[in-house]
Amino acid sequence: MNRLSKQIPEGMQDTLPGECRQKRKVEGALRALFERSGFAEVQTPALEYCDVFAGGVSGIAPEQMYKTFDKNGRILAVRPDNTTPVMRMAVTRMQGAPLPLRLCYVQDALKYPARANPRFSQATQAGVELMGESSAEADAEVIALAVRSLLSAGLRSFQIDIGQVGFFKGLMEEAGLHEDEIEQLRGYVEEKNMLAIELTLGSKPVSDEVKRRIMRLPQLYGGPEVLDAAQAMSAAPLCQRALQNLRDVLSVLSDYGLLQYVSIDLGMVHAIDYYTGMILRGITSQLGQPLLSGGRYDLLAAGFERPMPAVGFALDIKQLLIALERQGEPFDPPVSDVLLAFAPGARAQALLLATQLRGEGRSVELCYQRGAEELSALAAQKRARRAVYVDGRGAHDVWKEGAQAWNP
């Protein structure tokens with residue numbers, strides 16, 4: 001056995017019993033929430049043709065994809081995100097379905113991270129896609145579902161930041177910058193790097209007034225009052241439409257009764273080539289990075305030759321589990337209801353008892369070739385709720401959790 005046989009590839013993850021149990025619990029809660037909210041679960045293949053993500057419309061850079069080949073030499077990509085394959089499914093396999101489509105998923109995505117953080121190359125994402133609806137109500141529905149997702153998972157302290165890429169794009173139109181300059185500036189605004197923004201703008205032929213507006217972008221963060229300040233900054237139609245969209249979204253969220261979970265951040269401008277309107281991120285003090293992100297991506301379906309507005313989000317289950325653990329919910333290992341062992345000649349009776357108990361919903365772990373004393377010691381180590389030893393006289397408790405009486 002060589003050295004690598006004891007390791008896993010960079011960026012992949014093992015999930016141990018306690019965490020796996022918590023993961024399944026959270027996934028179940030999210031699936032139930034999505035279904036109650038009218039979203040139908042779908043699954044897409046682990047491998048897609050690389051062309052599905054080509055052209056940059058997906059927001060996934062080619063160097064971030066894990067690639068392989070089929071038997072005909074065609075390039076395949078291990079699913080790097082879930083939104084693009086779900087959209088591919090919707091426009092090809094569900095053409096006759098009436099709009100809007102409400103689809104959800106809980107499945108893995110694998111991609112090389114844009115930044116050096118190989119632990120999270122593999123991620124289980126739980127997400128929703130609302131397709132065929134362009135209204136502010138649809139934007140707000142997705143935000144409200146993001147809030148309820150975190151609440152249903154048990155996260156107590158979090159915030160959903162919402163922004164609008166149209167506001168940034170409107171300011172860039174006023175600045176008259178080239179695409180590469182806009183992308184460089186976008187990164188600095190996203191990082192709230194005031195010095196880099198100032199130095200970058202200082203060398204560009206941009207008016208002082210427009211420079212001041214752009215410099216204020218990272219500071220446009222907070223409650224609804226942010227929209228008033230932003231509205232006074234620019235009369236550009238794109239900026240004004242973006243701000244009106246956010247006002248409409250906040251009005252709907254007020255009707256949901258969820259405004260307390262939401263903040264405005266007009267300096268949040270990630271992936272402006274992919275997102276076309278409202279964007280959102282879920283953050284918590286338990287983590288140094290977002291655990292949820294999404295927004296409106298109306299251009300993606302056009303790449304599949306069926307233009308269709310769409311909005312959605314994806315929640316990183318691993319990040320959520322880390323946040324829950326830091327919140328004070330450790331990954332306790334699963335505990336069996338019953339450890340069951342038997343004496344020679346009592347196997348059939350023990351197996352019959354195991355079947356009966358499992359039929360009643362109890363978890364039963366069989367322990368072979370152990371006497372009553374060994375079984376009792378093992379039950380204490382495993383923190384089992386009960387340990388039962390079966391012999392010619394019948395079934396006997398040799399270990400009980402607490403003083404609760406039990407008769408098998």
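## Q327 and its surroundings

Leaving aside residues up to four places away in sequence, Q327 touches G154, L155, R156, S157 and Q286, where a contact means heavy atoms within 4.5 Å. Q327 lies in helix 10, which covers residues 317–327; helices (H or I, at least four residues) and strands (E, at least two) are DSSP runs, numbered from the N terminus. With a relative accessible area of 13%, Q327 is buried, a label that stands for under 20% relative accessible area, while exposed stands for over 50% and partly exposed for values in between, with a 1.4 Å probe and protein chains only.

## Basis of the model

The structure is a predicted model, in which local features need pLDDT of at least 70 and side-chain atom pairs count only at pLDDT 80 or more, whereas totals for chains, interfaces and linings use all residues. Residues are numbered from 1 along each chain as its sequence is written, and side-chain values use heavy atoms, with hydrogens and water left out.

## Overall dimensions and composition

The protein holds twelve helices and 16 strands, and its C-alpha atoms fill a box of roughly 95 × 55 × 50 Å along the principal axes. Of its 408 residues, 49% count as buried. Among contacts between residues at least 6 apart in sequence, 69% join residues at least 24 apart.

The accessible surface comes to about 20300 Å², and 50% of this area belongs to carbon and sulfur atoms; the areas come from the Shrake-Rupley method with a 1.4 Å probe, and for residues only the protein chains shown count as cover. The mean positions of the 45 positive and 49 negative charges are 6 Å apart. Here Lys and Arg count as positive and Asp and Glu as negative, without His and the chain ends, and each charge is placed at NZ of Lys, CZ of Arg, CG of Asp or CD of Glu.

Nine strands form an open sheet of mixed pairing, in the order 1-5-6-12-11-10-7-9-8, with two strands taken to pair if DSSP finds at least two bridges between them. Its edge strands are strand 1 (40–41) and strand 8 (221–222), each of which pairs on one side only. Within this sheet, strand 7 (residues 159–164) and strand 10 (residues 278–283) run antiparallel and are joined by six bridges, and the bridge partner of Q159 in strand 10 is I283.

Helix 3 (residues 136–153) lies across several strands, including strand 5, strand 6 and strand 12, and runs at about 15° to strand 12. Helix 4 (residues 165–175) lies across strand 7 and strand 10, at about 35° to strand 7. For these angles, axes are lines fitted to C-alpha atoms, for helices over the stretch in contact, and the angles run from 0 to 180 degrees between N-to-C directions.

## Helix 2, an enclosed element

Nine of the eleven residues of helix 2 (residues 83–93) are buried, so this helix is largely enclosed by the rest of the structure. The buried residues include R88 as well as V86, M87 and M89. They pack against strand 2 (47–49), strand 5 (101–110), strand 6 (122–131) and strand 12 (310–316).

## Strands 2, 3 and 4

Strand 4 (residues 75–78) runs antiparallel to strand 2, with three bridges between them, and L76 is the bridge partner of Y49. Three bridges also join strand 3 (residues 67–69) to strand 4, again in antiparallel fashion, and K67 stands opposite A77. The hairpin of strand 3 and strand 4 has five residues between the strands, among them G73, which takes a positive phi near 85°.

In the loop between strand 2 and strand 3, Q64 is buried with a relative accessible area of 12%. Q64 and K382 are 318 residues apart in sequence and 42 Å apart in space, C-alpha to C-alpha.

## Backbone exceptions

Most residues other than glycine have a negative phi, and most peptide bonds are trans. A cis peptide bond, with omega about 0°, joins L99 and P100, and P100 is found in the loop between helix 2 and strand 5.

A271, in the loop between strand 9 and strand 10, has a positive phi near 50° and is partly exposed, with a relative accessible area of 33%. Q369 likewise has a positive phi, of about 50°, although it is not a glycine; Q369 lies in the loop between strand 14 (364–366) and helix 12 (372–382) and is exposed, with a relative accessible area of 78%.
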